[in-house]
Amino acid sequence: MTGSDPKADLHRYLQVAREAMLWKLNGLSEYDSRRPLTPTGTNLLGLVKHLASVELGYFGETFGRPSDEPLPWFEDDAEPDADLWATADESREQIIDLYHRAWAHTDATVEALALDAPGRVPHWPAPRNEVTLHQILVHMIAETHRHAGHADIVRELIDGAAGLRKDNDNMAPGDQERWRNHRDRLERVAQEAGHSAAVLPS
């Protein structure tokens, strides 16, 4: 029985989340890939742009390995949340290519450094800004999977497509009618629960 390789395990979890993010863009138009689906503007291409940008920072400047990728949306004069949406001049292909370059840069850093290699996150407050590669890998895994969850919901709102990843959707079996009936049932249960709570004595 072979032992686990902690660095390889962490990298695998990060890669699974990365691939899930890009899978959510498959088959969408330029419009649907970037249109906002929540009151705060959450959109699929913006999530990918954000993740590409933060990977370049966390595995670049943090460990003295800057990528030299221009990220104008992080400049001091950039508007808030400029990394969370793609402008009309930034195509889907450009953002996806940026994400792939971020992967390559991150992977080179992970390959080059030990898990206990020290780094410093410039925008985190002291003393929390003194970190290790292990901490940043865990942080990036958590961030990427969190945004992959956002992407799950946004994609379902666009065209009903759902699932964990291409090779394993992790969904209960059923066709559209089954899901429609399931949702209607949950709506009835929620209404009944809300009605019951409203009539309970205070």
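Modeller: Starting at the N terminus, the elements of the protein chain follow the order α-α-α-α-β-β-α-α. Please bear in mind that this is a predicted model.

Colleague: How many helices and strands are there in the protein chain?

Modeller: The protein chain has six helices and two strands. Its C-alpha trace spans about 60 × 50 × 45 Å along the principal axes.

Colleague: What share of the residues counts as buried?

Modeller: Of the 202 residues in the protein chain, 36% count as buried. As for contacts with a separation of 6 or more, 71% of them join residues 24 or more positions apart.

Colleague: Let us take α1. How many residues does it have, and how far does it reach?

Modeller: Helix α1 covers residues 6-23, which makes 18 residues. From first to last C-alpha it reaches 26 Å, close to the 26 Å expected at 1.5 Å a residue.

Colleague: What caps its N-terminal end?

Modeller: The cap of α1 is D5, with a side-chain oxygen 3.1 Å from the backbone nitrogen of K7.

Colleague: And which residues of α1 are buried?

Modeller: They are L10, L14, Q15, A17, R18, A20, M21 and L22. The elements covering these buried residues include α3, α4 and α5.

Colleague: You mention α4. At what angle do the axes of α1 and α4 cross?

Modeller: The axes cross at roughly 180° and come within 12 Å of each other. The two helices are therefore roughly antiparallel, as an angle over 145 degrees counts as such.

Colleague: Which residues meet there?

Modeller: On the α1 side, the residues are K7, H11, L14, Q15, R18, E19, M21 and L22. On the α4 side, they are I96, Y99, H100, W103, T106, D107, V110 and E111. The residues of this contact divide into seven nonpolar, four polar and five charged.

Colleague: Now α3. How many of its residues are buried?

Modeller: In α3, 14 of the 15 residues are buried, so this helix is largely enclosed by the rest of the structure. Helix α3 reaches 21 Å from its first C-alpha to its last, close to the 21 Å expected at 1.5 Å a residue.

Colleague: What happens at the start of α3?

Modeller: There, a side-chain oxygen of N43 comes to within 2.7 Å of the backbone nitrogen of G46.

Colleague: I have also been looking at H147. Where is its place?

Modeller: H147 sits in helix α5, which runs over residues 133-159.

Colleague: Why does H147 count as buried?

Modeller: H147 counts as buried because its relative accessible area is 7%, and the buried class is under 20%.

Colleague: What does H147 touch?

Modeller: Leaving aside residues up to four places away in sequence, H147 touches M21, L47, H50 and L51. M21 is one of the buried residues of α1, and α5 is among the elements that cover those residues.

Colleague: What about P70, buried or exposed?

Modeller: P70 counts as exposed, at 61% relative accessibility. P70 is in the loop between α3 and α4. Its C-alpha is separated by 9.7 Å from that of S53, 17 residues away along the chain.

Colleague: Lastly, which peptide bond is cis, with omega near 0°?

Modeller: The bond from A126 to P127 is cis, with omega near 0°. P127 is found in the loop between β1, residues 118-120, and β2, residues 130-132.

Key. Residues are numbered from 1 along each chain as its sequence is written. This is a predicted model: local features need pLDDT of at least 70, side-chain atom pairs count only at pLDDT 80 or more; totals for chains, interfaces and linings use all residues. Side-chain values use heavy atoms; hydrogens and water are left out. Helices (H or I, at least four residues) and strands (E, at least two) are DSSP runs, numbered from the N terminus. Buried means under 20% relative accessible area, exposed over 50%, partly exposed in between (1.4 Å probe, protein chains only). Contact means heavy atoms within 4.5 Å. The expected span of a helix is 1.5 Å times one less than its number of residues. A polar contact is a pair of N or O atoms within 3.5 Å; within protein, one must be able to donate a hydrogen and the other to accept it, and residues adjacent in sequence count only if both atoms are side-chain atoms. Axes are lines fitted to C-alpha atoms, for helices over the stretch in contact, and angles run from 0 to 180 degrees between N-to-C directions. Angles under 35 degrees count as roughly parallel, over 145 as roughly antiparallel, 65 to 115 as roughly perpendicular and the rest as oblique. Ala, Val, Leu, Ile, Met, Phe, Trp, Tyr, Cys and Pro count as nonpolar, Asp, Glu, Lys and Arg as charged, and the others, Gly among them, as polar.
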